[in-house]
Each structure stands twice: as C-alpha cells, then as structure tokens.
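Thanks for making time this morning.

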Amino acid sequence: MPGPCPKTPEPIHGRCGVLEVPESRAHRDGRTIRLTVAIIAATAKKPAKDPVVYMEGGPGGDAIDAIQYLVASGVNRHRDLIVMTQRGGRYSQPNLACPEIDRFNARAVGLVYDAPSTGRGLVRAAKACRDRLTADRIRLSAYNTTENAADFAALRTALGIKKWNVYGASYGTDLALTYLRRHPRGIRSVTIDGVTPPQIVSLPWTWDSARQGIDAIFAACEAQPRCEARYPHLARTLTEQVRRLEAQPLTLNVAPPGGENPVKVVLDGGAIVNLLVADGGALPSVDVPAAIDELAHGNPERFARAQAAGATPAIGESAHGLTHSIACSEWVPGHSRSDLLKAGRRAFRGWPDTVLAQAPQLPFENDLCRAWRVPDRTAIQRVTTSSDVPTLILNGTFDAKTGASWGPYAGRTLPRSTAVRIPGIGHFVLPQSPCAQGVLASFLAGPTGPDTRCVAGLAPKPFTIIP
C-alpha cells in the first residue's frame, strides 16, 4: 500500500508504503501489523531487474536508518534497494520500543556493570516494558524470526518481484539464513555480513566471538613493529586490568563524546569487556591498544569517554521488545548459566567469574527472560540452512560480536558460497570497507564468481601510538 515516507533525520530519497501482515500466522484472530517499506531507486540509467532487499540487525535495529549507509556503500548503484522495518521495529505499528530500558541504560553507565543490583534494575525496566506492551494486547510470542522471514516472503509477493537479492547484516544474517531455508523461492543471491548462524547462536556463543575479535586486534598490533614495541603483552595487560577493576571499580565524571555535560561513569571489569565487544565507534579498534596501556598506567580516559557515550541513548530508536522476544525464545533456552560461565572460562582464562557470568552485550539476559516470558522456539529456529543459492559471506577480522570464523562455519552447508574476511574491520563490514563494496558489486553482477582480488592487498590500519 503506497504511503508517505517517515520523517527521518536523513530524508528518504525514494518511495514508501506499508505492508500489512498478520501479527501471528498461527493465530488467525484478525489482528494485523503494519511494516514500513522504502524503495530507493537504482542510480544506473539501465538498472537490473532484480533488486536488493535489506534485512536489519539487532534484533530490533532501525532498518530505515541504515538506508544512508547502504546508499553510501553503493548497494543501489545498479539495482533498486528495498528496506522494510521488521515487525516491532521503529516505524512499524506496533513499535516494540522500550523507553524504560533506554532510560535504565542511560543510568547504568554510572553503575557497576555486572553487580546483581544492576541486573535487578534492568529486569525491572524490562518488566515494565513488557507489562505495557502486553496491556496493549501485543502478542510478544509472535515477534520472532520465523514470522520475520514470512513477512519478507509476503513483501516479495506484494511487490510482484520475480527474483531478488537478499543482504542481511548481524542478526539480519540469522534472518536471511532462516528466510533462505523457509522461503527459497525467488532468491537470486544472498549476502550475509557479520554472520550469526541460527543453528549455533546462544549466550555461550558470544564468548567465542569476543575472544576471536579481541585476539585479532592483539595479533594485528604484534604485526606492526611500532605497536608491538609500544604495547607489548596486551593480552596479559588486559587480564590484569579486568581483574583489578573488577576488584576495585573506578568512578569518574567525564564528558561523553560530543562535549555534553560530564556524567558519572563506573569502570569495572565487565564494563571494560563490554566496551571492547560493543564496536560502536565510541572506542575505535585502532585506539584499543592505547586505551589498554593508558588504563594500566592510571589514565582511564578513553574507556571512560566510551562508557559515557551510553548516557545519551536515542530513546525509542531500538526496539528492545523485539530484541528480547527473539533472544529469550531463540538464543537463551537450552543452555544453563553454568554453560555460559564455562564458555567464558574457555575463552578468557584467569578472568573473574563475575565478568564471565554475563554474556557480552546481553548481561543478565537469563534473569530478564524469566520476566519476559515467551515460549522456547529453539527446536524451530536453531536449524542449519543448506542451500545451493549463491551466497557471499562477509566478516571483519576485528569483529568481537560475531567472530570471523562463523562465516565459513555457516558456509559449510552453502556449497556455492564465497567467504571473505576483511582485515582490520569490526562489525557490519560493508559500510567500512571499499574493498567489500567492490566485492559485493561484482557478486551481484555475477554471483557465481565474485572478484575478491582486492582482499589480498588489505591490512589493518596503523594503531594509535601514544608518547
């Protein structure tokens, strides 16, 4: 159904509309939800007929906000780009935003990251959001990857598209692989960027990814003579600092990036680890060795500023209701707290158990899920995708959210896949790498043989060297 484009900070230069779908295809009670769709025209004079459809990460990320990065990466150079908000996401109706969690997260920068009292505060905020959403008769169990995938199948049918190319990033790779498994018709190619294989994703899995990304940064520093000489023994130094701060957290007042008024921040061991995994720009990968060295010499400024960045979240931008409906039904069940702790101990020997007991980026998720109360869907969702559809697999070596080895792992059952690792890049490769953009362009032009020659000449950027 055609309609106006949403009013966004960056105007949408395209045409928009709404896709109306059942909230639950298993419960035909007549309730429907509305998903915003934006179509950005190809810039080529004679574009190809098969568009690219984008699947956002998170889960719960703002798909519409990603348009600017996708256009800047040339995704719509030769093909129309189609972006749809996922069910529950921003600009969808209903919107499963949780301002209660956003406001708690803003306060949490001044709390001990992995303290039980912090966990209780997070659970209270999540319960308040859940109670509000369910009071509006929202069926949280319907906000899952199976329904998400069916929405995209419905979109292709509604638009009358014979063939299209799927591009998913982060959680969008979980969704894309699920979509490929359940709705293979009409898919010309698939690109997955920052791979989250549906058959393996879980809370313990996050520790392996964290280990891979952090180790890759340290190895790259060792390979640069100036970095290796200035910051020797980074792994040992990080372990010492995580242990020190977990025993005696630092409390500081520091201005967030951008020059706002100073805010109270607490740096404990868990906060340091979470900042290294977050890869959100507040602490760039090139600054990580310097930040660890400064911390060891009594200067926590880089870590403190990165922590302070969380004090000013965009309220309502992330659909936490979708995040936890998926995580609590698809990622958390089937693994105990002991499994999570064991995975942390395997990844980071000698780190405090209080740090390793919380999954990076998803602290206290077991406790939160008890309050969120959605059914276990792992038997349906934790399934391997096998397909001969041409697939391009992109990973960054510095990715501590979705470790670089998980791309080839997913590719084991995708015989026509090409796996590409981009050195020195973290999560969400495409916008950060001109080489990856060129590989994608060649893949879309001819999915059976993408040109990957640019990768051989790549190396991580030089790390920040402090006096």
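Predicted model: local features only at pLDDT ≥ 70, side-chain atom pairs only at ≥ 80, totals over all residues.

Strand β3 pairs with strand β5, residues 81-84, in the antiparallel sense over 4 bridges, where strands and helices are DSSP runs numbered from the N terminus, a strand being E of at least two residues and a helix being H or I of at least four, and where two strands pair if DSSP finds at least two bridges between them. Residues are numbered from 1 along each chain as its sequence is written, and side-chain values use heavy atoms, with hydrogens and water left out.

Within that pairing, Ile40 stands opposite Leu81 in β5. Strand β3 also pairs with β2, the two running antiparallel and joined by 8 bridges, and in this case the bridge partner of Leu19 is Leu35 in β3. Is β3 mostly covered or mostly open? It is mostly covered, since 7 of its 9 residues are buried, and here buried means under 20% relative accessible area, exposed means over 50%, and partly exposed is in between, with a 1.4 Å probe and protein chains only.

Glu20 forms a salt bridge with Arg34, the closest N and O atoms being 3.6 Å apart, and by salt bridge I mean a side-chain nitrogen of Lys or Arg within 4 Å of a carboxyl oxygen of Asp or Glu. Because Glu20 lies in β2, residues 15-22, and Arg34 in β3, residues 32-40, the pair ties together parts that are 14 residues apart in sequence. Glu20 counts as partly exposed at 42% relative accessibility, and Arg34 counts as partly exposed at 29%.

Let me turn to another strand. Asn395 lies in strand β10, residues 391-396, and it counts as buried because its relative accessibility is 1%. A polar atom of the Asn395 side chain lies 3.5 Å from the backbone nitrogen of Gly407. Leaving aside residues up to four places away in sequence, Asn395 touches several others, among them Gly194, Thr402, Gly407, Arg421 and Val429, a contact being heavy atoms within 4.5 Å.

Now the helices. Helix α9, residues 269-278, is mostly covered, with 9 of its 10 residues buried, including Ile272, Asn274 and Leu276. Which elements do those buried residues pack against? They pack against α6, α8, β9, α10, α11 and α14. Just after α9, Asp279 takes a positive phi of about 50°.

As for the nonpolar core, which is a set of buried Ala, Val, Leu, Ile, Met, Phe, Trp, Tyr and Cys residues joined through side-chain atoms within 4.5 Å, the largest has 111 residues, and Trp207, Phe303 and Trp372 touch the most other members. Helix α6 gives the most to this core, with 9 residues. Phe303, not counting residues up to four places away in sequence, touches residues including Ile272, Leu275 and Leu276, along with Ala291, Ile292 and Leu295. A second, separate core of 30 residues includes Ala38, Ala169, Leu394 and Leu444.

Finally, back to charge: how many salt bridges does the structure hold? It holds 22. One of them joins Arg302 to Asp287, the closest N and O atoms being 3.6 Å apart, and since Arg302 lies in helix α11 while Asp287 lies in the loop between α9 and α10, the pair ties together parts that are 15 residues apart in sequence. Both Arg302 and Asp287 are buried. In Asp215 and Arg211, by contrast, the closest N and O atoms are 2.5 Å apart, and these two residues are separated by about one helical turn because they are 4 residues apart in α6. Asp215 is partly exposed at 34%, and Arg211 at 22%. Arg25, Arg87, Glu147 and Asp151, for their part, are linked in a network of salt bridges.

How values were computed. Polar contact = N/O pair within 3.5 Å; in protein donor to acceptor, adjacent residues only side chain to side chain.
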